[in-house]
Amino acid sequence: MEINGGRCNSGDKSQVEGEISVLSSDLFLDHVGGVTLTFNSDGLSWKSLDSFDNDGSTCLGIKFLPRVATKMATKLRFSDIYAVELMNGDMVRESDLTTASECFLGNDSHDSGMNHFIVYTFQKSKSQPCLWILAAYTFGHQDLQTCQMWVNKINGSLDKEIGRPKNLLVFVHPLSGKGNGQRTWETVAPIFSRAKINTKVILTQRAGHAFDVMRSTTNEELNSYDGVLAVGGDGFFNEIMNGYLSSRHKVPFPPVPSDFFDALGNDSNPLVNDPTEADSESHKNRESDPLLSSSAHNESGFSHLRTNDGSHPVDQQIEHPLPNQKLRFGIIPAGSTDAIVICTTGARDPITSALHIILGKRLCLDVAQVVRWKTTSTSRIEPRVRYAASFAGYGFYGDVITESEKYRWMGPKRYDYAGTKVFLKHRSYEAELGYLEVESEKDSPISDGSRMFTKARSLKRKKSERIICRANCNVCNTKPAYSSTKSTPATPYLSAQETKWLKSKGRFLSVGAAIMSNRNERAPDGLVADAHLSDGFLHLLLIKDCPHALYLWHLTQLARKDGNPLNFDFVEHHKTPAFTFTSIGNESVWNLDGELFQAHKLSAQVFRGLICLFASGPEV
């Protein structure tokens, strides 16, 4: 079907039998002039009929494009279009239409009756490809029905785009970062409205508010949403994720060496969790942090098995599906660091993140389950479970968070100030760590550093050997040979005969477990440059006690682009799916995604691709 001047002319322009007819119209494109717009199976294309050379304009943060070369075809894919809107003639500026309408429509004077429709999309920044900028194309025609027809056709194609959300639950942290969480949401909210996405917005009133809402929301109610958004920082997302997983992720606790619980002086089986047992002591001694409620984990129904030697069986096939497999999480960055957003979209930009969400991007993330073990006054060993999506750190990392809490009024600058104070104190902590060594099969399809291989005491690779996690990452998309089809996502264990616990004991300035690279503005390559988002591993970083100058050198390398922070004799780097930690003597505190977590003794394991985000990964 061909439409010219508002008249529909039946006629198949196909040259091959069975080919879909081409729909096209001669329209006016703002800042370009007359164009022939064509509707294709995967998008829109147009060819300029005039040689106008007008520059684009910017209104309300939207750049109106494009400046199209004469007779050059331009194309928009439906997968990049997030909305289309019909406008009437009164909403268009006269000055922009005078010359174009006269030339295109052959009028002798200005035509104020032009009807328009706007196609909303984005363009990638030339200097930063990961940064997406809002863009809009305004097409015009005298005939309203022609414009309406194009709007209907485009909307019909947008409705067929798979994975785009229709209903979202949004949590806004008003005090996040510099206290601009609410203002950040108000900036991106019109984009969601334009895309016809329904949003239920909850402005949190206190610490733990989002956790309580996510934990108490029924699965039936969650099924009515396509996703849950966090407008805030990494810590706020951690709170929401923990609220979701705390009562829904029913899996065994992390594996541990056979002698892990000996120091607790209890002969009972601590790995068997009886949810019917009431622990009155835990209710009496609730911690102030709402995420550390012991009762929450007793109610979650965790169960455990134990082998004859006391170690956790690593070759069991365990299913742990979540109630809503389609539910995705999204983050609109408004925090102090926003490492998760930078690692998953490549840009710390609310508009870019909003577009990833609206366009229905999908990216799976590894999540670490961290369990604190503690003996209660009734001599019962009690586990408390938390989850981390980006990082778990002890020593320097925990001390900085603890110190920074005293200076929240400083905003993000408090981390620099607190970090300087903690660095000058140069405190080290004695601890013993165990980590699981797993060697992959010889015929593993992945031939790079992503193999399950940690025989070396410290993993030190040349820059040329690093494979950075990017969009459509081969490492993350390759199904591991160790995984069972019945247990996806899973921790990468082979069998009890192929696993081995290795230990490291000493005084450490810091202990870190990086689940992703943790790129941020202070560390452009992150803690581990080639850590992947969904390979089933964490990177255990042990920084042993060393002179002030050497530690400063290490931190300086972290802050440099293409630095080598791990190539020091006092740095141990182990790639592993699970580890244990036991503090000896004076203690620090753990930092989980920016949230404090006190633990004298803990175990941790990684679940590959446990949750999904509205993101596509950073581009090259």
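Analyst: The model is a predicted one. Helix α11 covers residues 396-404, and helix α12 covers residues 413-425. Their axes come within 8 Å and cross at roughly 125°. The crossing of the two helices is right-handed.

Which residues bring α11 and α12 into contact? On the α11 side they are Phe396, Asp399, Val400, Ile401, Glu403 and Ser404. On the α12 side, the partners are Arg414, Tyr415, Ala418, Gly419, Lys421, Val422, Phe423 and Lys425. Sorted by class, the contact of α11 with α12 comprises 7 nonpolar, 2 polar and 5 charged residues.

Because 8 of its 9 residues are buried, α11 is largely enclosed by the rest of the structure. Those buried residues are Phe396, Tyr397, Gly398, Asp399, Val400, Ile401, Glu403 and Ser404.

The axes of helix α4 (residues 209-216) and helix α6 (residues 234-245) come within 7 Å and cross at roughly 25°. That angle is under 35 degrees, so α4 is roughly parallel to α6. Here too the crossing is a right-handed one. From α4, the residues His209, Ala210, Phe211, Met214 and Arg215 meet Phe236, Glu239, Ile240, Asn242, Gly243 and Tyr244 of α6. The contact of α4 with α6 consists of 6 nonpolar, 3 polar and 2 charged residues. Helix α4 is mostly covered, with 6 of its 8 residues buried. These are His209, Ala210, Phe211, Val213, Met214 and Arg215.

Ile342 lies in helix α9, which spans residues 339-345. Its relative accessibility is 14%, and Ile342 therefore counts as buried. Apart from neighbours within four places in sequence, Ile342 is in contact with Thr337, Ala347, Arg348, Arg519, Asn520 and Glu521. Of these, Glu521 is 179 residues away from Ile342 in sequence, yet their C-alpha atoms are 9.0 Å apart in space.

The cysteines deserve a brief remark. The count of disulfides is 0. Cys364 is in no disulfide, and the nearest cysteine sulfur, that of Cys612, is 3.0 Å away; a disulfide would require the sulfur atoms to be within 2.5 Å. Cys364 counts as partly exposed because its relative accessibility is 30%. Cys473 is likewise in no disulfide, with the sulfur of Cys476, the nearest of any cysteine, 3.8 Å away. With a relative accessible area of 7%, Cys473 is buried.

The protein chain has 14 helices and 26 strands. It comprises 620 residues, of which 57% count as buried. Among its contacts with a separation of 6 or more, 76% are between residues 24 or more positions apart.

Notes: Residues are numbered from 1 along each chain as its sequence is written. This is a predicted model: local features need pLDDT of at least 70, side-chain atom pairs count only at pLDDT 80 or more; totals for chains, interfaces and linings use all residues. Side-chain values use heavy atoms; hydrogens and water are left out. Helices (H or I, at least four residues) and strands (E, at least two) are DSSP runs, numbered from the N terminus. Buried means under 20% relative accessible area, exposed over 50%, partly exposed in between (1.4 Å probe, protein chains only). Contact means heavy atoms within 4.5 Å. Axes are lines fitted to C-alpha atoms, for helices over the stretch in contact, and angles run from 0 to 180 degrees between N-to-C directions. Angles under 35 degrees count as roughly parallel, over 145 as roughly antiparallel, 65 to 115 as roughly perpendicular and the rest as oblique. A crossing is left-handed if the near helix is turned anticlockwise from the far one by less than a right angle, and right-handed if clockwise. Ala, Val, Leu, Ile, Met, Phe, Trp, Tyr, Cys and Pro count as nonpolar, Asp, Glu, Lys and Arg as charged, and the others, Gly among them, as polar.
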